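Please read the following account alongside the sequence and the coordinates. It goes from the overall fold to one helix and then to one residue.

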Amino acid sequence: MTDTSPPRDQQRQRIGIAVVERADRYLVGIRGEQAHLAGKAEFPGGKCQPGESAAECAIRECLEETGLRVNIERLLCELDFDYPHAKVQLSFLLCKLVDENAVITAGWKWVPARQLVDLDFPEANRSVIQMLLDRQCAPGAQT
């Protein structure tokens, strides 16, 4: 009998995540009680729709969740992660605001990079948080 199931990577849910930076601070919210990983800190983002790139997803989800329009600066990292409830392919995209004067939706706040480690993010976010901290400590980085 031939296995007709899709390859393992195709079974992963693609997630686009907007890591929005403004003046050495990052946009962070807390997952609601009904969400997977309830109570955890999060960057705006969510599941990619069929045919949608991770970048398109991050832009759409950021607007839906926070009310902010963003542009993608660059891909920070992509990684596969297995949670007990799902297998995901995470794309973390560094973003900048389209309008610096825009007001964020309640429940979101700007957090200095050095304080990200104090928040309870999902395990899959550890490497990107370390990357953001390293950016702040790099020679020539603004503090």
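The paragraphs below describe a predicted model.

The protein contains two helices and seven strands. Along the sequence these elements come in the order β-β-β-β-α-β-β-β-α. Of the 143 residues, 41% are buried. When contacts between residues at least 6 apart in sequence are considered, 66% of them link residues at least 24 apart. The protein has an accessible surface of about 8,500 Å², and carbon and sulfur atoms account for 48% of that area.

Helix α1 covers residues 54-66, and its 13 residues should span 18 Å at 1.5 Å a residue. The C-alpha atoms at its ends lie 17 Å apart, so the model agrees with that expectation. Which residues of α1 are buried? They are A54, C57, A58, R60, E61, C62 and T66. An α-helix has 3.6 residues a turn, so residues three or four places apart point the same way. The buried residues of α1 pack against several strands, namely β1 (13-22), β2 (25-30), β4 (45-47), β5, β6 (87-97) and β7 (108-112). Just after the helix, G67 adopts a positive phi of about 80°.

Strand β5, one of the packing partners of α1, runs over residues 70-82 and includes L76. L76 has a relative accessible area of 9%, which is under 20%, and therefore counts as buried. Leaving aside residues up to four places away in sequence, L76 touches V19, F92, L93, L94, V128, M131 and L132. One of these contacts, M131, is 55 residues from L76 along the chain, yet the two C-alpha atoms are separated by 8.2 Å.

Terms used. Residues are numbered from 1 along each chain as its sequence is written. This is a predicted model: local features need pLDDT of at least 70, side-chain atom pairs count only at pLDDT 80 or more; totals for chains, interfaces and linings use all residues. Side-chain values use heavy atoms; hydrogens and water are left out. Helices (H or I, at least four residues) and strands (E, at least two) are DSSP runs, numbered from the N terminus. Buried means under 20% relative accessible area, exposed over 50%, partly exposed in between (1.4 Å probe, protein chains only). Contact means heavy atoms within 4.5 Å. The expected span of a helix is 1.5 Å times one less than its number of residues. Accessible areas come from the Shrake-Rupley method with a 1.4 Å probe; for residues, only the protein chains shown count as cover.
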